[in-house]
Amino acid sequence: MNLKPLKFGTVTIDFPVVLAPMAGYTDAAFRSICKENGAGACYTEVTSAEGIRRDSQKTFQFLEVSAQDHPIAAHIFGKSVEAMVEAAQYIEKLNRFDWIDLNCGCPVKKVVRRGAGAALMKEPEQIGEIVRAVKKAVSLPVSVKTRIGFSPSFPDHLTIAKIVEDAGADMIAVHGRLACNFHKGEADWEKLGEIKQALKIPVIGNGGVNTPEDAAEMVRVSGVDGVMIGRGAVGNPWLFDQIKNKPAEPPSIQQRRKVIETHLLRLVELTTATAAGRRCKTKFIPEQAACLHFRPHLAQYIKGLRGRRELLQHLNEMHDVKTVLTAVDNVLEQNQ
Ligand SMILES: Cc1cc2nc3c(=O)[nH]c(=O)nc-3n(C[C@H](O)[C@H](O)[C@H](O)COP(=O)(O)O)c2cc1C
């Protein structure tokens, strides 16, 4: 696939196939797994600018970064220019992020109701104001993650993308679906191509890449400078390596087992560290919380394997690492 290293501001992404931000999924544990398997860069889970402003502990856990994460963007959402600026300045002072990414595409009700995320696409001048103010307030590069629009009745993809560029953003990542369609339907890679043609800043394309062939086809159709992968990487972090190195064989059962175990153990470590810093007690001990959090990943790791259905039936009862891994071994043995 014809992708050159992607450069914007002080950031260089040598292999510009990156892990998308996904709330509830792209914590430091999963990011490290994807990076080790070839992802060129990653984003934090979405982090509330107001939460940073209010000094909320729950918010700060999203800003933990591991050594493997780089290059990494702090991915923040908010509606007000002031909150986004304060959050960006706070992030810059942390001195652990390579760039700041502004969420202008999240369609989730609780975000849109506050006028943030995808709601900003209904009034793209507000996006322009936020980008301009954040750029002025920090020296880290600033990017925007948005979509090709909110719905057919609002400003189109080119209007939004031009406003982002004119306001001074260093890079834009665009999900080729309308916000009103959430994650359903085909992503429109031709519209990504129109954005690429219209802008001078680098454009990362996103939406519907689940195989190496999809990645190559997105680049061929749209000419984007980079590819962002969301759901296709869940349960299949090897996708990055498959795009990068074209290995002859898919991951063996032993490789899958190793990655599942490493991912889960890192999640336990992360959950333990987060719990230690908490002021109030949580319902579950860290190992239990990690096993519960791991459920959607595990369901994808064993997708298509014999014995999956039986494991999924008992998923909610698996509260410790040993039980999870015994159940995984049971599935994998049936597929040797
Ligand atoms: C569970 C989940 C959580 C997501 N959270 C975010 C988020 O916090 N911020 C964001 O910009 N996009 C978010 N997205 C959208 C993804 O970043 C990506 O744009 C979308 O999944 C399309 O890419 P894909 O077709 O490769 O999955 C989320 C998607 C999913 C499935």
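**Around helix α14**

Colleague: Happy to look at this with you! Which helices are included in what covers the buried residues of α14?

Modeller: This is a predicted model, where local features need pLDDT of at least 70 and side-chain atom pairs count only at pLDDT 80 or more, while totals for chains, interfaces and linings use all residues. Residues are numbered from 1 along each chain as its sequence is written. Helices are DSSP runs (H or I, at least four residues), numbered from the N terminus. The cover over the buried residues of α14 includes α11 (253–276), α12 (286–301) and α13 (308–313).

Colleague: Which residues of α14 are buried?

Modeller: Buried means 20 or more other C-beta atoms within 10 Å of a residue's own, and exposed means 12 or fewer, with C-beta atoms placed from the backbone. On the face turned away from the buried side, α14 carries the exposed K322, T326, N330 and E333. The buried residues of α14 are V324, A327, V328, V331 and L332.

Colleague: How many residues of domain 2 are in contact with domain 1?

Modeller: The domain assignment, automatic or from a database, gives domain 1 (6–245) and domain 2 (253–333). Contact means C-beta atoms, placed from the backbone, within 7 Å. On the domain 1 side 11 residues take part, and in domain 2 the number is 13.

Technical notes: Contact = placed C-beta atoms within 7 Å. Helix = DSSP H or I, 4+ residues; strand = E, 2+ residues; numbered from the N terminus.
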